[in-house]
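Q: Could you show me how to read salt bridges and buried helix faces, starting from the model itself?

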Amino acid sequence: MKKIVLATNNKNKLKEYQQILKDYEIMTLEDIHFYNEIEETGDTFLENALIKAKTIHHYLKKIDKEYIVVSEDSGLCVDSLNGAPGVYSARYSGMHGEDQKNRDKLRRELKGKKKEASFTCTIVVYYPNGEYQSFVGKTEGKIMEEELGKKDFGYDCIFYSKELQKTFGEAREEEKNKVSHRGRAIQKMKKSLCME
């Protein structure tokens with residue numbers, strides 16, 4: 001089975017990749033014993049994905065391993081907030097990964113404003129020779145005031161998918177993967193790549 005390193009330890013993201021890339025053994029940062037914090041200082045999803053990919057690529061060279069690195073950055077973009085929270089989605093309230101606080105802040109900022117939003121995911125595939133490709137997935141919806149469904153992953157319980165006619169929090173994993181920003185970017189990557 002072909003191996004790739006996914007530049008994350010996020011179990012939700014790992015699960016989504018594993019469900020779509022069934023022909024690959026997907027290793028996390030923990031599996032390659034990388035425990036440093038990678039600072040995401042980019043202004044775009046592509047810049048942040050590249051920062052992560054290059055960091056892991058250089059680390060693998062140091063430990064004499066040659067694996068393809070897959071990294072991503074993704075976020076929620078709200079039209080009436082000029083694209084915010086965008087690259088700051090995971091730390092919108094100030095602290096990284098405070099999902100409930102992030103959702104609360106977003107709903108406060110959207111009072112009296114239009115709720116149209118989209119999720120965007122940019123995936124970078126970084127090869128051992130230093131070349132890379134990028135793939136973008138997007139899904140449209142709107143922000144709900146009420147939290148519906150599972151509340152354990154980001155903005156899913158307040159993001160109402162136009163295609164599914166329900167929030168991502170209410171959707172089954174297979175349903176979400178078909179229309180999600182990450183699912184779409186992974187499918188593009190899968191079609192375009194022959195990961196040798």
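Q: With which residue does K15 form a salt bridge, and how far apart are the closest N and O atoms?

A: Side chains of opposite charge can pair when their charged atoms come close. Here K15 pairs with E173, the closest N and O atoms being 3.0 Å apart, where a salt bridge is a side-chain nitrogen of Lys or Arg within 4 Å of a carboxyl oxygen of Asp or Glu. The pair links helix 1 (residues 11-20) to helix 4 (residues 173-179), 158 residues apart; helices (H or I, at least four residues) and strands (E, at least two) are DSSP runs, numbered from the N terminus. This is a predicted model, in which local features need pLDDT of at least 70 and side-chain atom pairs count only at pLDDT 80 or more, whereas totals for chains, interfaces and linings use all residues. Residues are numbered from 1 along each chain as its sequence is written, and side-chain values use heavy atoms, with hydrogens and water left out.

Q: Is E72, which meets R182 in a salt bridge, buried or exposed?

A: E72 is buried, at 4% relative accessible area, where buried means under 20%, exposed over 50% and partly exposed in between (1.4 Å probe, protein chains only). R182 is buried too, at 3%, and the N to O distance of this pair is 2.7 Å.

Q: Which residues of helix 3 are buried?

A: An α-helix has 3.6 residues a turn, so residues three or four places apart point the same way. In helix 3 (residues 99-109), the buried residues are N102, R103, L106 and R107.
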